[in-house]
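Please read these notes beside the sequence and the model. They go point by point, from the overall layout to single side chains.

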Amino acid sequence: MIPPRTSDGSLKKPAKTREELESAIRLEMEDICEWPTDLAISVAPHEDTWKVVIMTDGPQDADRCDMIETIADRLRTQFDLKS
C-alpha cells in the first residue's frame, strides 16, 4: 500500500483530535513535572497547522510555557489536527 501524500508530494501526517493532542501534551508534561491546578491548555487550528493556547488563573510560569511549546512543536511535526 502506498502511504498517503500531500499535494506537494510529502508524506501525510496522521491526524489527531484536539482532545488527543491536548492529552498528549499534558501526559508528557506530567512526566517532566507536576501539572499545576491553575493551568489549562487548548489546541486550536492555526493557518495550515495548529497551535497550543496556554491559559492560567495566576502569573504565567515561563519555564512551563516553554516546555509546553517545545512538546507542541515536536508533536506538530508528527500530527495534523483532525478537523
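1. Basis. This is a predicted model, in which local features need pLDDT of at least 70 and side-chain atom pairs count only at pLDDT 80 or more, while totals for chains, interfaces and linings use all residues. Residues are numbered from 1 along each chain as its sequence is written, and side-chain values use heavy atoms, with hydrogens and water left out.

2. Layout. The protein has two helices and four strands, in the order β-α-β-β-α-β along the sequence. Helices (H or I, at least four residues) and strands (E, at least two) are DSSP runs numbered from the N terminus. Of the contacts between residues at least 6 apart in sequence, 55% join residues at least 24 apart; a contact means heavy atoms within 4.5 Å.

3. Surface and burial. Of the 83 residues in the protein, 24% are buried. Buried means under 20% relative accessible area, exposed over 50%, and partly exposed in between (1.4 Å probe, protein chains only).

4. Core. Which residues have the most contacts inside the largest nonpolar core? They are Ile-25, Ile-41, Trp-50 and Ile-68, in a core of 16 residues. At least two residues of this core come from each of α1 (18–32), β2 (39–46), β3 (49–56) and α2 (62–78), and α2 gives the largest share, five residues. A nonpolar core is a set of buried Ala, Val, Leu, Ile, Met, Phe, Trp, Tyr and Cys residues joined through side-chain atoms within 4.5 Å. Leaving aside neighbours within four places in sequence, Ile-25 is in contact with Ile-41, Val-43, Trp-50, Val-52, Ile-68, Ile-71, Ala-72 and Leu-75.

5. Helix α1. With 15 residues at 1.5 Å a residue, α1 should span 21 Å, and its end C-alpha atoms are 22 Å apart, which agrees. The expected span is 1.5 Å times one less than the number of residues in the helix. Leu-21, Glu-22, Ile-25 and Met-29 are the buried residues in α1. They cover an arc of only 100 degrees around the axis, so they lie on the same side of α1; the arc is that of the directions from the helix axis to the C-beta atoms. Their cover includes β1 (15–16), β2, β3, α2 and β4 (80–81).

6. Glu-22. This residue of α1 counts as buried because its relative accessibility is 12%. A polar atom of the Glu-22 side chain lies 2.9 Å from the backbone nitrogen of Val-43. A polar contact is a pair of N or O atoms within 3.5 Å; within protein, one must be able to donate a hydrogen and the other to accept it, and residues adjacent in sequence count only if both atoms are side-chain atoms. Not counting residues up to four places away in sequence, Glu-22 touches Ile-41, Ser-42 and Val-43.

7. Helix α2. The 17 residues of α2 should span 24 Å at 1.5 Å a residue; the end C-alpha atoms are 25 Å apart, which agrees. Buried in α2 are Arg-64, Cys-65, Ile-68, Ile-71, Ala-72, Leu-75 and Arg-76. Their arc around the axis is only 140 degrees, which puts them on the same side of α2. Asp-63, Thr-70 and Thr-77 are exposed on the other side. The buried residues of α2 pack against α1, β2 and β3. At the N-terminal end, Asp-61 caps α2, with a side-chain oxygen 3.1 Å from the backbone nitrogen of Asp-63.

8. Arg-76. How far is a polar atom of the Arg-76 side chain from the backbone oxygen of Trp-50? The distance is 2.6 Å. Arg-76 is buried, with a relative accessible area of 17%. Beyond neighbours within four places in sequence, its contacts are Lys-13, Thr-49, Trp-50, Lys-51, Val-52 and Glu-69.

9. Glu-47. Most residues other than glycine have a negative phi. Glu-47 has a positive one, near 50 degrees. Glu-47 sits in the loop between β2 and β3 and counts as exposed because its relative accessibility is 75%.
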